[in-house]
Amino acid sequence: MDLTLNGRIAIITGGSRGLGRQCALSLGREGCAVGICGRDGDQVNRTVEELKGLGIKASGSEADVTKDDDCARFLQETTDALGAPDILVNNVGGRRGSVLFDETPMDLFMEGLEVNLISAVRMTKLALPHMQEQGWGRVINIASIYGREHGGSVDYMTGKAGMIAFSKHLALQLAQTGVLVNCVAPGSIDFPGSSWDRFQQNNTPEVVAEFIDRNLPMGKFGWPEPIGETVAFLASDRANLITGTCINVDGGQSKSLF
């Protein structure tokens with residue numbers, strides 16, 4: 001299926017590794033030029049070279065999207081190198097606090113909200129005017145199944161739930177403008193350096209097997225490629241009746257009906 005993305009420009013936060021890297025690969029293979037950022041400049045450069053080696057037009061910025069100036073610089077550097085982005089993938093996220101509220105200091109709670117919600121709002125605010133001006137755009141937010149039901153640390157769950165709510169609100173506001181806003185909610189996705197990679201390294205095979213048996217109906221952790229492919233589809237004109245939704249990509253892990 002031709003996703004009609006050839007020539008589009010995508011910008012991906014946290015695009016140097018993991019799910020962000022896979023989103024860059026999936027969009028790039030469909031013909032997008034991709035701009036990525038990450039806090040580790042060396043890793044950003046390695047991923048940009050990987051993308052270019054596959055024939056994908058790419059640029060990278062060392063940037064921390066919890067900082068206003070870094071966000072603005074990332075967008076400007078991408079625009080200078082590739083052009084103004086048509087597609088924004090807000091991928092940055094991660095837990096900062098504890099599962100228990102009373103064990104999570106306020107600074108970690110606020111840091112979790114900044115990483116999992118406010119950074120996406122900040123990048124959307126910057127990238128949206130060009131999309132509105134041209135009458136076509138895509139904002140795709142990487143949420144989590146734990147933004148839809150109970151699970152994860154208190155800051156992560158709160159931030160991802162807020163991201164889904166923000167996406168719904170913005171999607172309805174923009175529904176007649178040609179700018180579509182959606183979320184993808186991964187389950188437990190394993191890749192080198194991920195929290196689930198660390199979980200498997202730091203626990204016995206018996207503990208890991210028990211977790212898989214209890215939580216993962218397919219009998220295995222998820223992997224990045226289905227996330228990237230779902231993002232590419234949502235970015236395309238093939239998905240032009242989909243806005244304001246949140247799509248689980250979790251191998252049946254989530255329990256909620258909604």
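Select isoleucine 142 and, in strand 6, valine 184: the two residues stand opposite each other. Strands here are DSSP runs of E with at least two residues, helices are runs of H or I with at least four, and both are numbered from the N terminus. This is a predicted model, in which local features need pLDDT of at least 70, side-chain atom pairs count only at pLDDT 80 or more, and totals for chains, interfaces and linings use all residues. Residues are numbered from 1 along each chain as its sequence is written, and side-chain values use heavy atoms, with hydrogens and water left out.

Next, display strand 5 with strand 6 (residues 179–186); they pair in the parallel sense over 6 bridges. Two strands pair if DSSP finds at least two bridges between them.

Now colour strand 5 by burial. Of its 6 residues, 6 are buried, meaning under 20% relative accessible area with a 1.4 Å probe and protein chains only (exposed is over 50%, partly exposed in between). Gly137, Val139 and Asn141 point one way, while Arg138, Ile140 and Ile142 point the other way.

Turn to strand 4 (residues 87–90), which pairs with strand 5 (residues 137–142) in the parallel sense over 4 bridges. Valine 89 stands opposite isoleucine 140, and the bridge partner of isoleucine 87 is arginine 138.
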